[in-house]
Amino acid sequence: MPESDPASAVAPVVAAVLASRRYRHVDPATVERIAREQLAAAGGRVPDAVKRSKRALHQVFGAYLPQPPRYARLTAQIEAATDEEARRAALRRAMAQHVSTRERLDYLDPFYETLREHMGQPASVLDLACGLGPLASPWLGLRPGAAYHAWDIDHALIEFVGHSLRGLGMEAHGAVIDLLAVPQWPDTEVALVLKTLPCLEQQRAGASEALLRTIPARRIVVSFPTRSLGGRAKGMGQTYARRFEQLLDGLGWTAASFEVGPELVYVVQRPSTPG
């Protein structure tokens, strides 16, 4: 039978999800939001809600980090590097632990070279749903001491990323943030929204436009995968391009676009006033 008190039923769903090895470091507030949504969809049945919540988290997080990385080992390898070449090699090994950044390793240099041509050398960056993307900051060519705001929903990942950014000479501002419930936005020159909007739309229809409207950065870099995690194209690039360009037209914003590897990128120039 369904639980008679939906509010009281949320707690065991959250506890069950956070007890799993894969999701133990995920932001409890994010898990609670997902649990509430899935509990309602499951008609109040706790076991079904647990399964649905784990499935939802897999789609937006777990599929990209299937095994919790050994962050202490990765940190030691990065810090043991004796020159720039060795450090970049260690950073690449670390980025290979996350599916999204692993995909980009094959075209890392041309991706960031092209991106630098469009965005220059900003002094501050906000990286949304960052994963291990901040480890590519040496390729991004930021100014020394640049402020790098790295947001994701995993506490262990954000701790590792923040430590790594400080070691790379950045002013690190790591935070565990649910992008569907952002409490406050930092003022940065550029916001990176790389391969993130499809995951948001899976959770809430219309989330892409809502997010873009509220980001205060004048320049927003948005990217989409042009193939699935399994390597299939399936017309993904054309579909994402059509939908996103319709969104931009509706907002009255302009963007330059380019494609490097299986990634379609838009560098969006937006008005100074949100909305």
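1. Ala 129 is partly exposed, with a relative accessible area of 34% (buried means under 20%, exposed over 50% and partly exposed in between, with a 1.4 Å probe and protein chains only). Ala 129 lies in the loop between strand S1 (124-127) and helix H8 (137-140), and its phi is positive, about 50°, although the residue is not a glycine. Most residues other than glycine have a negative phi.

2. This is a predicted model, in which local features need pLDDT of at least 70 and side-chain atom pairs count only at pLDDT 80 or more, while totals for chains, interfaces and linings use all residues. Residues are numbered from 1 along each chain as its sequence is written, and side-chain values use heavy atoms, with hydrogens and water left out.

3. Lys 195, in the loop between strand S4 (190-194) and helix H10 (197-203), also is not a glycine and has a positive phi of about 50°. Lys 195 is buried, with a relative accessible area of 10%.

4. Helix H4 (residues 71-79) and helix H5 (residues 84-95) pack at an angle of about 165°, with their axes 8 Å apart, which makes H4 roughly antiparallel to H5 (angles over 145 degrees count as such). Their contact (heavy atoms within 4.5 Å) involves Leu 74, Gln 77 and Ile 78 of H4 and, from H5, Arg 87, Ala 90, Leu 91, Arg 93 and Ala 94.

How values were computed
Axes are lines fitted to C-alpha atoms, for helices over the stretch in contact, and angles run from 0 to 180 degrees between N-to-C directions. Helices (H or I, at least four residues) and strands (E, at least two) are DSSP runs, numbered from the N terminus. Angles under 35 degrees count as roughly parallel, over 145 as roughly antiparallel, 65 to 115 as roughly perpendicular and the rest as oblique.
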